[in-house]
Amino acid sequence: MKRFALAAAIPVLVSLAGSTAFAQSSGSFAGDFSSVSIIPTLTCAATDPALSCSQGGAAFLGATIKMPNGKSLLIGGSLETSLLTSTSATGGRGNQSSSATGAIVVRPEVVGSDGRSYKVYPPSVTFDSRTQTLTANLSGCLTNPDPATGLPVITCTDPESIALLLSTTSAHSYQFIAPALPQGVYKVMLHIGATADATTTSVGFNSQVAVGVGVGSLTAQIVQVQTPFNSLCFDLLNGTDCR
């Protein structure tokens, strides 16, 4: 399985409730694993971290698992991610800036045989995010030595320039949980989406952002609550008590 995609942005283009739960495995397992290729991503605006532009991102990993009544589903998602941001400035008068923003968002989904989607906590996680801004105040002129005399000569035909490029590849994993599911067969999917935005304050500035994902894995495991608790709690900060 070789799939490739790289989402690039040019200028003018383009949550969670913390919880503690004690659980034990009941022995059932399902999973899906990608090859060492790049998985397609969808690019939304950086102002749309919920990925509403692409209905939560493209599903690239999926597994089917049969659940007994009242058990919970522990979902593990792992992903290799890449971010590249580039900003530069050339000459100009006064302060100018160039900015590039990119993020990779993972959203799990659990769907029953009736087509209904069940709640998963947390609903989404940002695996990678970066905002790079370059600000400069350049005169637009250079001082170079005269090749004949060796004395400094100021010229404005070749303007000053400055550039910054950052590229990062890393691997992340996160565990999600879908609590207290009714008996039935469920499809578990891991959606991937990306946000990207690049802006500039003048024609002389160039900013770019590229996002991509590589190898990934999805695991789903049936779990049951461990004594002494008889329920899973996901809102401890707001007073929910497991006792």
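Me: Where in the chain is confidence lowest, and where is it highest?
Reply: This is a predicted model. Confidence is lowest in strand 1 (residues 7-9), with a mean of 33. Strand 7 (residues 117-118) is highest, at 95.

Me: What about residues 1-26?
Reply: The pLDDT is below 50 over that stretch. In the model, residues 1-26 still have 78 contacts beyond near neighbours in sequence.

Me: And what is the mean pLDDT of the chain?
Reply: It is 77. Of the residues, 73% reach 70 or more.

Me: New topic. How many disulfides does a search of the whole structure find?
Reply: One. Cys-44 is joined to Cys-53, S to S 1.9 Å.

Me: Which hand does the link of Cys-44 and Cys-53 have?
Reply: Left-handed, with -85° about the S-S bond.

Me: Is Cys-44 buried or exposed?
Reply: Cys-44 is buried, at a relative accessible area of 1%. Cys-53 is partly exposed, at 45%.

Me: On to packing. How many residues are in the largest nonpolar core?
Reply: It has 33. Those with the most contacts inside it are Leu-73, Ile-75, Leu-79, Val-110 and Leu-181.

Me: Which elements give two or more residues to this core?
Reply: Strand 4 (58-67), strand 5 (71-90), strand 6 (95-112), strand 8 (125-137), strand 11, strand 12 (184-200) and strand 13 (206-225).

Me: What does Leu-73 touch?
Reply: Leaving out residues up to four places away in sequence, its contacts include Ile-65, Val-110, Phe-176, Leu-181, Val-188 and Ile-222.

Me: Aromatics next. How many pairs are there?
Reply: Two. Tyr-118 and Tyr-186 are edge-to-face, 5.4 Å centre to centre with 75° between the planes. Tyr-118 is in strand 7 and Tyr-186 in strand 12, so this pair ties together parts 68 residues apart in sequence. Both Tyr-118 and Tyr-186 are buried.

Me: What about the rings of Tyr-174 and Phe-176?
Reply: Their centres are 5.2 Å apart. The planes are at 50°, so the pair is tilted. Tyr-174 is partly exposed, with 34% relative accessible area. Phe-176 counts as buried because its relative accessibility is 0%, and the limit is under 20%.

Me: Last one. Where is Glu-160?
Reply: In the loop between strand 10 (152-155) and strand 11 (161-181). Glu-160 is partly exposed, at 24% relative accessible area. Glu-160 and Thr-143 are 17 residues apart in sequence and 9.4 Å apart in space, C-alpha to C-alpha.

Technical notes:
Residues are numbered from 1 along each chain as its sequence is written. This is a predicted model: local features need pLDDT of at least 70, side-chain atom pairs count only at pLDDT 80 or more; totals for chains, interfaces and linings use all residues. Side-chain values use heavy atoms; hydrogens and water are left out. A disulfide is a pair of cysteine sulfur atoms within 2.5 Å. Buried means under 20% relative accessible area, exposed over 50%, partly exposed in between (1.4 Å probe, protein chains only). pLDDT is the predictor's confidence in each residue, from 0 to 100. Helices (H or I, at least four residues) and strands (E, at least two) are DSSP runs, numbered from the N terminus. Contact means heavy atoms within 4.5 Å. A nonpolar core is a set of buried Ala, Val, Leu, Ile, Met, Phe, Trp, Tyr and Cys residues joined through side-chain atoms within 4.5 Å. Rings of Phe, Tyr and Trp (its six-membered ring) pair if their centres lie within 6.5 Å; planes under 30 degrees apart count as stacked, over 60 as edge-to-face and the rest as tilted.
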